[in-house]
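Me: I'd like to learn how to read a model like this one. Could you walk me through it, one feature at a time?

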Amino acid sequence: MTAAARLAALDSLPADELCRMAEIALAALVDVMNQETTLLRAGHMRQASTLTPEKARLAQDYVGFARSVQRQGDRLKAQAPAAVERLRLGHERLATQMAENLRVLATARMVTEDLLTDVAKIVGQQNRAKTYGRGGAITADPAASARGIAVNRAL
């Protein structure tokens with residue numbers, strides 16, 4: 001089935017059925033994001049990362065339904081106004097969950113970056129050369145403290 005045929009099939013669904021399918025996809029996406037947020041908050045990064053493929057698939061499904069709902073907006077409002085309102089409320093829950101998820105991800109990223117920076121400083125201090133400068137004291141080069149450890153800021 002081509003993409004155009006899939007879009008046409010979605011757009012031709014009865015209003016209640018299209019909204020119900022979109023609600024199911026939306027609820028599943030919110031649920032998996034909630035699971036991910038809970039795991040991240042608890043510090044279980046690896047377990048949270050296992051949810052990524054499912055989250056991506058659910059997001060793709062939801063976007064397909066949401067686009068169909070947008071294209072069929074006038075028809076859906078006329079034929080199933082209560083279902084459209086439920087979808088709107090569900091979308092607000094998704095936005096709230098996404099904001100919380102992003103906040104937790106930002107916190108986890110910041111904590112991870114701080115930990116890596118601290119480790120780099122400690123490793124750099126342990127590996128510095130023990131030589132004396134002109135004044136008879138051991139010289140310290142703070143720029144060399146993070147040598148050998150990189151922090152990926154693109155996360």
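Me: Let's start with Leu26: is this residue buried or exposed?

Reply: Buried means under 20% relative accessible area, exposed means over 50%, and partly exposed is in between (1.4 Å probe, protein chains only). Leu26 has a relative accessible area of 4%, so Leu26 is buried. Keep in mind that this is a predicted model, where local features need pLDDT of at least 70 and side-chain atom pairs count only at pLDDT 80 or more, while totals for chains, interfaces and linings use all residues. Residues are numbered from 1 along each chain as its sequence is written, and side-chain values use heavy atoms, with hydrogens and water left out.

Me: Which residues is Leu26 in contact with, leaving aside neighbours within four places in sequence?

Reply: Contact means heavy atoms within 4.5 Å. With those neighbours set aside, Leu26 is in contact with Tyr62, Leu87, Gly90, His91 and Leu94. Turn to Leu94 and you'll find Leu26 again, along with Leu29, Val30, Met33 and Tyr62, not counting residues up to four places away in sequence.

Me: And where does Leu26 lie?

Reply: In helix H2. Helices (H or I, at least four residues) and strands (E, at least two) are DSSP runs, numbered from the N terminus. The protein chain comes to 6 helices and 0 strands.

Me: Which residues touch the most other members of the largest nonpolar core?

Reply: A nonpolar core is a set of buried Ala, Val, Leu, Ile, Met, Phe, Trp, Tyr and Cys residues joined through side-chain atoms within 4.5 Å. The largest one here has 22 residues, and Leu18, Leu29 and Leu94 touch the most other members. Two or more residues each come from helix H2 (15-41), helix H4 (52-71) and helix H6 (81-126). H2 gives the most, with 10 residues.

Me: What joins the side chains of Glu36 and Lys55?

Reply: A polar contact is a pair of N or O atoms within 3.5 Å; within protein, one must be able to donate a hydrogen and the other to accept it, and residues adjacent in sequence count only if both atoms are side-chain atoms. The side chains of Glu36 and Lys55 are joined by one of 2.9 Å. Not counting residues up to four places away in sequence, Glu36 touches Lys55, Ala48, Leu51, Thr52 and Asn101.
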